[in-house]
Structures are given as structure tokens and as C-alpha cells.
Amino acid sequence: TVVFNRDSIKNTISSEDLTLKLSPSKEDSLLRKYIEEQDRFNLTSSQLLIENKMLFNPVEGTITQGFNTIDNHLAIDIALDIGTPIKAVSDGRVLLAEWTVETGYVIIIEHGDMLTTTYKHNSSLLKAQNELVRAGEIIALSGDHGTLTTGPHLHFEVWKNGAPVDPLLLFNFK
């Protein structure tokens with residue numbers, strides 16, 4: 001049998017020595033900061049996980065403009081007939097339900113877990129601010145409204161943890 005005295009080991013290593021050996025170098029700190037800045041909008045697969053949520057397609061249709069961070073188009077556009085029902089992708093609460101000159105009727109839904117979705121260019125809204133919505137529930141009717149419209153379509157945005165996410169990573173629109 002070996003007699004082990006925990007205090008004898010603790011006494012041989014000072015807390016000052018331990019701190020010096022575990023402190024990151026200046027170069028390491030600069031590299032970490034650089035990577036954090038570069039990855040700010042590049043979500044990893046673990047960040048894209050939408051825990052405990054069943055996601056529904058808001059509509060089915062043809063994508064006419066994709067997600068493109070270079071052009072600042074942080075959404076996809078889906079061509080639709082005017083009046084096509086738009087559905088909530090998950091349970092949530094309406095944060096905004098308003099008319100804007102640029103994008104017509106807009107509805108933004110907060111789904112919990114730092115997930116929000118935005119639906120623009122609608123012809124009418126079926127939900128009001130602060131209303132609760134269920135996954136798959138019709139929230140609006142598609143349209144061709146606003147000065148930024150290019151024809152009847154839905155401009156659909158997904159935001160997770162305050163960063164835009166390409167909806168094509170989460171949904172199949174066909």
C-alpha cells in the first residue's frame with residue numbers, strides 16, 4: 001500500500017507557478033480575437049441546432065434570390081402567387097406586425113432559444129403584435145407590397161443568436 005498525502009503535493013506547487021504556466025500568450029490571445037471576429041456570422045453546426053423545436057416550412061415555392069452576405073441579402077426570396085398562405089415555422093410570439101413603405105406588411109416572430117423569423121412583402125397579416133402563434137399556423141398572406149418588391153414573393157429571414165442564418169440550411173422549399 002502507498003500512503004498518499006494530498007497536502008504534500010499542494011504545498012510543492014504554488015498558485016503563482018500554476019497561473020504563470022496556464023496563462024495564454026499574447027499571440028494566442030490575438031489569434032483567438034481574430035478568429036472570433038471572422039466567425040461572428042459563420043455559425044457552426046452546433047450553433048444551428050434548434051433544440052426541441054419542430055420546424056415547418058413557411059411556404060413551398062421557387063427561390064428567386066438566395067442568401068448572400070456580400071450583397072447584404074440576409075434572407076431568401078420565394079416566388080408565390082398573391083394571397084398564398086404564409087405559416088409560422090414554429091411556436092412563438094409576434095414581436096412586430098406592421099406596414100412599412102419598403103417591405104409592405106411585415107411580421108417578425110420570436111420562437112425562443114434566440115431564434116426569430118421575419119416574413120416581408122405580405123398583402124395582409126392575420127396576427128397582431130404580442131399574439132401567440134402555433135407551428136404551422138397561417139400568419140399572413142403573400143403579396144407584392146413595398147418599394148423594394150420585385151414581384152409577388154415572400155422575403156424570409158432566419159436569425160439565431162443575433163446572427164443571420166441561411167434558411168436553406170434548415171428548410172426545403174420544394
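This is a predicted model: local features need pLDDT of at least 70, side-chain atom pairs count only at pLDDT 80 or more; totals for chains, interfaces and linings use all residues.
The protein contains four helices and ten strands. Read from the N terminus, the order of elements is α-α-α-α-β-β-β-β-β-β-β-β-β-β. Of the 174 residues in the protein, 32% are buried. The accessible surface amounts to about 11100 Å², and carbon and sulfur atoms account for 54% of this area. When contacts between residues at least 6 apart in sequence are considered, 62% join residues at least 24 apart.

A walk through the strands can begin with β4 and β5. These two strands pair in the antiparallel sense over seven bridges, and a hairpin of three residues joins them. Within this pairing, Val-94 stands opposite Ile-109 in β5. Strand β5 also runs antiparallel to β6, to which five bridges join it; here Ile-107 stands opposite Tyr-119 in β6. The β5 and β6 strands form a hairpin as well, with four residues between them. In that turn, Gly-112 has a positive phi of about 85 degrees.

Strand β6 leads on to β9, with which it pairs in the antiparallel sense over six bridges. Strand β9 is also joined to β2 by four bridges, and these two strands run antiparallel. His-155 in β9 takes part in both pairings: it is the bridge partner of Lys-120 and of Asp-77. A further antiparallel pairing, over three bridges, links β9 to strand β10 (residues 163-165), where Pro-164 is the bridge partner of Trp-159. The hairpin of β9 and β10 has two residues between the strands, and Asn-161 in this hairpin takes a positive phi near 55 degrees. Seven of the eight residues of β9 are buried, so this strand is largely enclosed by the rest of the structure.

In soluble globular proteins, nonpolar side chains tend to be buried together. In this model, the largest nonpolar core has 22 residues. Those with the most contacts inside the core are Ile-78, Ile-86, Ile-109, Tyr-119, Ile-139, Leu-154 and Phe-156. Two or more core residues come from each of β2 (76-79), β4, β5, β6, β8 (138-142) and β9. The largest share, three residues, is given by β9.

Another pair, Tyr-119 and Phe-156, is tilted, with 5.3 Å centre to centre and 45 degrees between the planes. This pair links distant parts of the chain, as Tyr-119 lies in strand β6 (residues 115-125) and Phe-156 in strand β9 (residues 153-160), 37 residues apart. Both Tyr-119 and Phe-156 are buried. Ring pairs also bring Phe-171 into a cluster with Tyr-119 and Phe-156.

Thr-103 sits in the loop between β4 (92-100) and β5 (104-110). Its relative accessibility is 10%, and because buried means under 20%, Thr-103 counts as buried. The side chains of Thr-103 and Thr-100 are joined by a polar contact of 2.5 Å. Leaving aside neighbours within four places in sequence, Thr-103 is in contact with Lys-120, His-121, Asn-122, His-145, Gly-146 and Leu-148.

Lys-127 belongs to the loop between β6 and β7 (132-133). At 15% relative accessibility, Lys-127 counts as buried. Its side chain makes a polar contact of 2.6 Å with the side chain of Glu-137. Beyond its neighbours within four places in sequence, Lys-127 is in contact with Val-94, Ala-97, Ile-107, Leu-132, Val-133, Glu-137, Ile-138 and Ile-139. Ile-139 is one of the residues with the most contacts inside the largest nonpolar core.

Definitions and conventions: Residues are numbered from 1 along each chain as its sequence is written. Side-chain values use heavy atoms; hydrogens and water are left out. Buried means under 20% relative accessible area, exposed over 50%, partly exposed in between (1.4 Å probe, protein chains only). A polar contact is a pair of N or O atoms within 3.5 Å; within protein, one must be able to donate a hydrogen and the other to accept it, and residues adjacent in sequence count only if both atoms are side-chain atoms. Contact means heavy atoms within 4.5 Å. Rings of Phe, Tyr and Trp (its six-membered ring) pair if their centres lie within 6.5 Å; planes under 30 degrees apart count as stacked, over 60 as edge-to-face and the rest as tilted. Accessible areas come from the Shrake-Rupley method with a 1.4 Å probe; for residues, only the protein chains shown count as cover. Two strands pair if DSSP finds at least two bridges between them. A nonpolar core is a set of buried Ala, Val, Leu, Ile, Met, Phe, Trp, Tyr and Cys residues joined through side-chain atoms within 4.5 Å.
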